[in-house]
Amino acid sequence: MRWTPGGVSRDIEDRRGQSRGGFGGFGPHIGIGGALVLLVLSLLFHRNLFALFGGGTDDGTVAGAPANGEAPVAQSPAEDSAVQFVSFVLDDDQKAWEQILPQAYGVPYQHARLVLYRDATNTGCGEGESVTGPFYCPNDGRVYLDLGFFDELRQRFGAPGDFAEAYVVAHELGHHVQRLLGTESKVQNAMQSRPAQANALSVRLELQADCYAGVWGRSASQRNLLDPGDAKEGIDAAAAVGDDRLQRMSTGHVNADAFTHGTSAQRVAWFTRGFKSGDPRDCDTFSSSAQPDDATSAVP
């Protein structure tokens, strides 16, 4: 991406100095391979499975992490650059939605906050843990991100590149857009009243957030912020975190009934749709006419 370092966004809340530790305490029975399986399953099911093997406590907190400790943020030059990049994407994405949301729906955009943390942190949705990956909490309007996920995205999931990282932030802000439009609350109510359809509804919610990420990507492209190949990086990132791919990595087989985010093909299709259109009204994954498997192969 074409971006200029410019410090830390005013919408970022940095809690990286509040926690310690990591995934070193796997216990005597888990090797590197087992740790990878637990990591993938934790990302897939949004649950800290390391807690079952001594990597966390029964209430979901990370063992050894202080509950309320304050400490200066120690970071490498590379991490400082990552913070500035996330700040750039966060600010650019939200500025774009300040224009897009009122034009499409007549709804004013309200800024989300992005919380940087390490290992674990308290959220309006309960304990947040890095093993679950980046997430959005509708109860407090915040995106939660452990920068270590970008290493996982590159090294374990094979999706390198700055726009791949930007896609992650844009996807989570897509959930914020859903909250502002009332979509998120409607879906949560539907999940509670129709629990048998909860997974299917979750998939459609996640695919719509992918499409919204594509909408921002289109805006960034029109403003000449993308380099050649950036769109493909976004597509590769969407494909890397498909339910089917994560399940194959962790168990060797695919169980469609357990999908919560959509297949790689579905995620690519909806990101591509948003990128090509640039109009969030084309992101209606809940319509009976929506065809989430209708992937297109090229992005302008």
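**Exercise 1. Which pattern do the disulfides of the protein chain follow, with bonded cysteines counted along the chain?**

Before the solution, two conventions apply. The model is predicted, so that local features need pLDDT of at least 70 and side-chain atom pairs count only at pLDDT 80 or more, while totals for chains, interfaces and linings use all residues. Residues are numbered from 1 along each chain as its sequence is written, and side-chain values use heavy atoms, with hydrogens and water left out.

Step 1. Taking a disulfide as a pair of cysteine sulfur atoms within 2.5 Å, a search of the whole structure finds two.

Step 2. One of them is formed by C125 and C137, with sulfur atoms 2.1 Å apart, and the other joins C211 to C283 at an S to S distance of 2.0 Å.

Step 3. With bonded cysteines counted along the chain, the pattern is therefore 1-2, 3-4.

**Exercise 2. Determine the handedness of each disulfide and the parts of the chain that it ties together.**

Step 1. The torsion about the S-S bond of C125 and C137 is about 95°, so this disulfide is right-handed. Because C125 lies in the loop between strand 3 (120-123) and strand 4 (126-129), and C137 in strand 5 (residues 135-137), the pair ties together parts that are 12 residues apart in sequence; strands here are DSSP runs of E with at least two residues, and helices are runs of H or I with at least four, both numbered from the N terminus.

Step 2. For C211 and C283 the torsion about the S-S bond is about -70°, so the disulfide is left-handed. C211 lies in helix 6 and C283 in the segment after helix 9, so the parts tied together are 72 residues apart in sequence.

Step 3. Buried means under 20% relative accessible area, exposed over 50%, and partly exposed in between (1.4 Å probe, protein chains only). C125 is partly exposed at 42%, whereas C137 is buried at 0%; C211 and C283 are both buried.
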